[in-house]
Amino acid sequence: MNAISLKLFQGIGRYGVLLALVALILFGWLRYENFLGAFNVLSVLRYNSMFALVALGMCFVIITGGIDLSVGSTAALGSVVAALLSPYGVMPGLLGGLAAGLAVGACNAFIITRLNILPFITTLATMLAASGCALLLANNQSVSVSYETGFVELGQGDFLGFPIPAWIALITYLLGSLIINFTSFGRTVLAIGGNEDAARLMGLPAQRVKALVYLASGGLAGLAGVILAAQFGAGQPIEGVGWELFAIAAVVVGGTLLTGGVGSVASTLAGVLLLGLIFNILNFENGLGWISLSAYWQSVIRGAFLLLVVAIQARLSMHTEEAA
Amino acid sequence: MADTAATLPPAHRSPRFDVRRVLTRHGAWIALALLILVNFAITPNFATWQTLNVNLTQVCAIVIVGVGMTLVIATGGIDLSVGALMAIAGALAPLIFLGKLFPLPHPAVGIALAFVVPVLVAAALGWFNGWLVTRIRIQPIIATLVLFIAGRGIAQVFTNGNLQVFNLPSFQFIGLGRIFGIPFQAILMITIVVAAAWMLRRTVFGRQILAIGGNERAARLSGIPVASVKQRVYLISGLLSGIAGLIVIARNSAADANLVGLGMELDAIAAVAVGGTLLTGGRATVIGTLVGALIIQLVRYTLLANGVPDAAALVAKAAIIVLAVWLQRQSHR
C-alpha cells in the first residue's frame, strides 16, 4: 500500500464519523421537510445532551484503557437525588445530583486504583449498587420534581434561544476538549492509555489521573441524571438501563480505540449525534408514510451501524499495521 | 476446587495449614457453606424441598449462560450478547410452535422445531460473534456489543414487541417439568456444568481454551488453531444462551422480547467472577461459576426471606462481587 492511500485511509478513520454525520444530515435535509427546522434541531439537541454528557466521561475513561459500566445507573441515582432535592431550589437539586454521581465515581476510583480490581468488574458492581441505592431512595417508584422552584428549567428551559441542557453539554465538551489537548492532565490520560507502565515509569501520576477520570465520569453521569429529572419532571430509578453501552457505542463510533491511548472528544460528540439522529430519521421516515418501521428497528439499525464502523476501523488498523 | 485448571507453583505450598490460602483458594465454597448454615439458623422454612426448588429454578438460566461465559472469559474474551440471544431464542420458539412463521404439518413437529431452531439460531449468532472476533479482529467487548444492541431489537421486530402467551405442557417441560420431583431444568443445568467442567479439564479443546487465555501468542506459536477454538467457544456461548432463553419462556408461559434475558450478561459475568475464574483469561472453573451463581442467588434469597428490600440486595450483590474478586487478587500476590 502506498503512502497516499494510507494517508487517505487514516483520514477516513479520523474524520469518518464527521463525514457520516454530515452525510446523514444532508440526507435528512434533502428528504424531509422541517428536518433542519429549529424545532427538530433543538429537540434532538435537548434530548441527546444527557447521552452526550455520559459519553464524554466514557470517552476519557476509555482513552485511559478502562471502561465505566456504572454510568447508566449513576444517572438514575443522580436523577432521584436531584428530584428529591428539587423542592429546595435549582442549586440544591443540581449539586445533589452531581454529588451523587461523584460519590459513585469516587467508589469506582477507590476500588480500581487502590484495590487494583479490573475496571470492567468494578463498575459492573457499582452499577448494581448505584441502582440499588436509587431504588431505595426513591422507594421503588419515580419521584416527581418540584415545579415551583424552577428546577425543571434545567431540562426544559432555553437560554438565548438554545436549550439549557445543550448549553451544559456544549460547555462540558469545550472544557473536555481543552483538557485533553492542552493540559498535562489530558496528556497523561492519553499516555496511560498508550502504555500505563511506561507512563508510570516516566513519573506521571498514573493512579491519581485514573482516579480523577473515574470521578469525572461519575460526576458527568450524575449531571446527566439531573437533566433527566428536569426534562421529564421526575427522578427515575429504573432509567439509564443500557446507557453505558450506548455511550460506549458512541465513543467507538467516534473513532476512539477501546484499547486506549487514542481518542477525540469532538468525535465522541459526533458519535452521540449520529446515533441520536438515526432515531430521529426513523421517525421522519415513518412520517412520510412509505414504510412503517417500529421503534424497535432503531436498535437493529444502531447495531448494524456500530458493526459497520468497527469493521472499517479494524480494516484500517490492519492496513496501518501492515504499512508500519 | 475440583476443576481449577492452573495450580500454584510448588514454592507457594507450605506444609503448614495456611488459613489465608485456604480462605482465598476455597473462598467461594466456604462462603456458600456459611450462607447455607446462616440460613438454617435464621430463615424460617429454609430446610424445605420447596426452598431448594425455588432457588434451583431461579439460578438455572444464570448458570447455563454462565458456563458459556466461563469458557469465553477463559479465552480472554467476553460475551455481552447472551441476554439478547436469549431474547431471540425466546421470541422464535413461540412463533414456531404457534405456527406463525410457517404452517405446521403436525403439532409435534412444531414442538420439535421449537426446541431445535431457536437454539441453532442462537448458536449461529454466537458463531457470528466469534467470526467478528477472530476474522475481522474486533475486540470481544465491541464485537458482542453489536448483537447486544441489535439482538434484542431483532427479537422485538420479530414479535412486534408483543407478549406471546401460550400454554403447551410438552414444550414447557424444559422449564416446568420434573423428573422424580427434581426440576428438569436443574438436571439440565447439572448435566451442562459437569460436561463443561470435564471438557475444560480433560479434553484437548479445554486445554487449548486455557492456553489461549493464558498467552494467546504462545498458544498460536505452539500450533493451537486459535481462531477456530475461539469461534467454537463463542458458538457454545450462543447455543447455551439459546437453551436458557427457552427455559425462561417455558417457565413464564410467556415470551416477552423486551424482558427475556435482560441484564443476563451482567449476572453471568458476576457469577463467573465470584466463582473464581480469572477475568483476564487462562484460569477457569466451571464448578466455581455454579457456586458463584448459587452464592449470589442465596444472598438475595436470604435478604428477601428476612424482609430486606430487593434494592438493598442489589447493593449486597455489588459488595460480594468486589469482595470476591479482591480476595482472589490476594491469593495471586
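A residue is called buried here if 20 or more other C-beta atoms lie within 10 Å of its own, and exposed if 12 or fewer do. The legends below all refer to a predicted model.

**View 1. The buried residues of helix 9 of chain B and the helices that cover them**. In helix 9 of chain B, which comprises residues 204–214, the buried residues are B:Gly206, B:Gln208, B:Ile209, B:Leu210, B:Ala211, B:Ile212 and B:Gly213. The cover over these buried residues includes helix 3 (49–74) and helix 8 (184–202) of chain B, together with helix 10 (216–221) and helix 11 (226–252) of chain B.

View 2. Of the 333 residues in chain B, 49% count as buried. Among the contacts in chain B with a separation of 6 or more, 79% are accounted for by residues 24 or more positions apart.

**View 3. Helix 4 and helix 5 of chain B, packed against one another**. The axes of helix 4 (residues 82–97) and helix 5 (residues 107–134) of chain B come within 8 Å and cross at roughly 155°. Because angles over 145 degrees count as roughly antiparallel, helix 4 of chain B is described as roughly antiparallel to helix 5 of chain B. The crossing in which helix 4 of chain B passes helix 5 of chain B is right-handed. From helix 4 of chain B, the residues that meet helix 5 are B:Leu85, B:Ile88, B:Ala89, B:Leu92, B:Ala93, B:Ile96 and B:Phe97, and their partners in helix 5 of chain B include B:Gly110, B:Leu113, B:Val117, B:Val121 and B:Leu125. The residues of this contact between helix 4 and helix 5 of chain B divide into 16 nonpolar, 2 polar and no charged.

**View 4. The side of chain A that touches chain B**. Here 38 residues of chain A are in contact with 36 residues of chain B. On the chain A side, the elements that give two or more residues are helix 5 (119–138), helix 11 (243–253) and helix 13 (297–323) of chain A, and helix 5 of chain A gives the most, with 13 residues. By residue class, the side of chain A that touches chain B divides into 28 nonpolar, 9 polar and 1 charged.

**View 5. Helix 11 of chain A against helix 6 of chain B**. Helix 11 of chain A and helix 6 (residues 140–159) of chain B pack with their axes 11 Å apart and at an angle of about 125°, which makes helix 11 of chain A oblique to helix 6 of chain B. Helix 11 of chain A passes helix 6 of chain B in a left-handed crossing. In this contact A:Leu245, A:Ile248, A:Ala249 and A:Val252 of helix 11 of chain A meet B:Ile142, B:Leu145, B:Phe148 and B:Ile149 of helix 6 of chain B. The residues of this contact divide into 8 nonpolar, no polar and no charged.

**View 6. A:Gly89 in its loop of chain A**. A:Gly89 is placed in the loop between helix 3 (71–85) and helix 4 (90–113) of chain A. With 15 other C-beta atoms within 10 Å, A:Gly89 is partly exposed. A:Gly89 and A:Thr188 are 99 residues apart in sequence, and their C-alpha atoms are 38 Å apart in space.

Technical notes:
Residues are numbered from 1 along each chain as its sequence is written. Chains are lettered from A and ligands numbered from 1 in the order in which they are written. This is a predicted model: local features need pLDDT of at least 70, side-chain atom pairs count only at pLDDT 80 or more; totals for chains, interfaces and linings use all residues. Two residues are in contact if their C-beta atoms, placed from the backbone, lie within 7 Å. Helices (H or I, at least four residues) and strands (E, at least two) are DSSP runs, numbered from the N terminus. Ala, Val, Leu, Ile, Met, Phe, Trp, Tyr, Cys and Pro count as nonpolar, Asp, Glu, Lys and Arg as charged, and the others, Gly among them, as polar. Axes are lines fitted to C-alpha atoms, for helices over the stretch in contact, and angles run from 0 to 180 degrees between N-to-C directions. Angles under 35 degrees count as roughly parallel, over 145 as roughly antiparallel, 65 to 115 as roughly perpendicular and the rest as oblique. A crossing is left-handed if the near helix is turned anticlockwise from the far one by less than a right angle, and right-handed if clockwise.
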